[in-house]
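My entries follow the structure itself.

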Amino acid sequence: MMNLIANILLFSMGLVTFLSLVTFAVLSLREGERRAAGLAFVLAIALSSPFFLVTLSTLQVKWIFSGTIGAIGFLGLFLFLLPIGRVERGHDLPLKRFDERDIVFARRRLIPGSPEFEAYYAMRPENRTIDDKRRALPGLLSTESLHADPNFFAAAKASFALTEAMREEVDGPVSGERMELSPDQGTSMIKGLAQYYGAVTVGICELQPYHVYSHIGRGSGTYGAPIHLDHRYAIAFTVEMDYEIMRQAPKAPVVMESARRYVQAATIGLQLGYHIRSLGYPARAHIDGNYRVIAPLVARDAGLGEIGRMGILMTPRLGPRVRLGVVTTDLPLIPDERRYDTSMLDFCRICVKCAENCPSQAIPTDDRHEIDGAIRWRINADKCFHYWNVIGTDCGICMSVCPFSHPDHCGHSLIRWAIQRSGYARRAALWLDDHFYGRKHIPRPMLDWIQKLTV
Ligand code: SF4
Ligand code: SF4
């Protein structure tokens, strides 16, 4: 009888191990991750076969084997609960507002000889040399660039043209008839609508002065004019960027995907804005090329994630593989709690994979520092953008290699669950990620469905 119980237990454990790893292997194959799939298949056989083989041995051997497995389980639990990798919360609110004219995308729009050009470099002469060097490069979507591809670039240009066409639609007249809504009703309606329109996650926060740029650098309005945005709330949302396309980084499909997701985020933002204004409340959408707010900071404070080593939002389910949209409004809403997910900050502290793979060494390799009153990482946007202007695309290597960017299926979700709860699990997950997916970025071969987008 004891022998039968031991056999059933051992066989069940072997079967669960085998099926879990085979499932992971199949999911990895569907992601196009052959190395991870192969490793998972090998582990499925190697880790499950001892359970099956031991069922053929004596009862004494079975008990010794079971005892060893139990001890390993207890050791794993002990390590899981070890209080390591703690990161202090807070100290991450900027003390001053950021001038939009200083961001590389605003400087890129300056036309030599124009009054804005002269005024900007009179104000920031230290940026003149680096910008002149960048202006001499082939440029984004240029046929002379390193990764030029007429088809993908044409698709990207079409999306950018559409976003451009939407730029003046970010605000508009507010209906004179106001519908009275409680904060509860407004919140559930807005979150439901945003998800219905295609957002993956939605959060709300009270708009803070440091969310808002100090001066206009691009988009509607007068260049250099001070920004006054007195809406009470900000609605932030994410849209997912395609995993398989991002694995092509830094090749041309990446910029096509990036442009497409800007369109998607802009569309959702405009729809929400029109809707809120039709209810009698002011609302402004913040879309690519026409922001008044710093979207990653708003999204972080709205509970959608943390700012990671790359200086962009890291979300719990998709990591940095998202684009952001924001709508600011006076519609009564209930703000979300900020997540304060220090597990993500600890993971970024030990990982450094994006920085190691960045071709322009734009991502810092050291720990966070205080910048303008906030402890954070800051990438060198000039170096990053310089590289984009050489290759002609959005690069995206950092996003592609990030262990948080893996698709949101059960295997990765289980690992993310453990990462959030245990410092040891974070270290183990990073080791596993290096072995399953490699430490170095290698662009994946272009999948059939992506290839078919070209002529
Ligand atoms: S690659 Fe690593 S260090 Fe970089 S953002 Fe992702 S988790 Fe953080
Ligand atoms: S997009 Fe490319 S160049 Fe820019 S920070 Fe990421 S890896 Fe570096």
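Entry 1, ligand 2. I looked up which element gives the largest share of the shell around ligand 2, and I found α14, with three residues. I note that the model is a predicted one. I then listed the residues around ligand 2: Cys358, Pro359, Ser360, Ile363, Cys384, Tyr387, Trp388, Cys395, Gly396, Ile397 and Cys398. Sorted by class, the shell around ligand 2 holds nine nonpolar residues, two polar and no charged.

I turned to ligand 1 and found that the space it takes is the largest cavity. The elements that give two or more residues to its shell are α12 (342-351) and α13 (353-357). Of the elements, α12 gives the most, with three residues. I recorded the surrounding residues as Arg309, Met310, Met314, Phe347, Cys348, Cys351, Val352, Lys353, Cys354, Cys402, Pro403 and Phe404. By class, I noted 10 nonpolar, no polar and two charged residues in the shell around ligand 1.

I next asked which residues make the nonpolar surface patch of about 820 Å². They are Met1, Met2, Leu4, Ile5, Ile8, Leu9, Leu59 and Trp63. Helices α1 (2-31) and α3 (59-81) each supply at least two residues of the patch. The largest share, five residues, comes from α1. I checked the place of Leu9 and found this residue in helix α1.

Terms used. Residues numbered from 1 in each chain as written. Chains lettered and ligands numbered in written order. Predicted model: local features only at pLDDT ≥ 70, side-chain atom pairs only at ≥ 80, totals over all residues. Heavy atoms only, no water. Near = heavy atom within 4 Å. 1 Å grid on protein atoms, 1.4 Å probe; cavity = no way out; pocket = protein on both sides within 12 Å on 5 of 7 lines; lining within 4 Å. Sits in = over half its atoms within 2 Å of the grid points. Helix = DSSP H or I, 4+ residues; strand = E, 2+ residues; numbered from the N terminus. Nonpolar A, V, L, I, M, F, W, Y, C, P; charged D, E, K, R; others polar. Patch = residues over 30% accessible without salt bridge, like charges linked within 9 Å, V, L, I, M, F, W, Y side chains within 5 Å. Areas by Shrake-Rupley, 256 points an atom, 1.4 Å probe, with all protein chains shown as cover. Salt bridge = Lys/Arg side-chain N within 4 Å of Asp/Glu carboxyl O.
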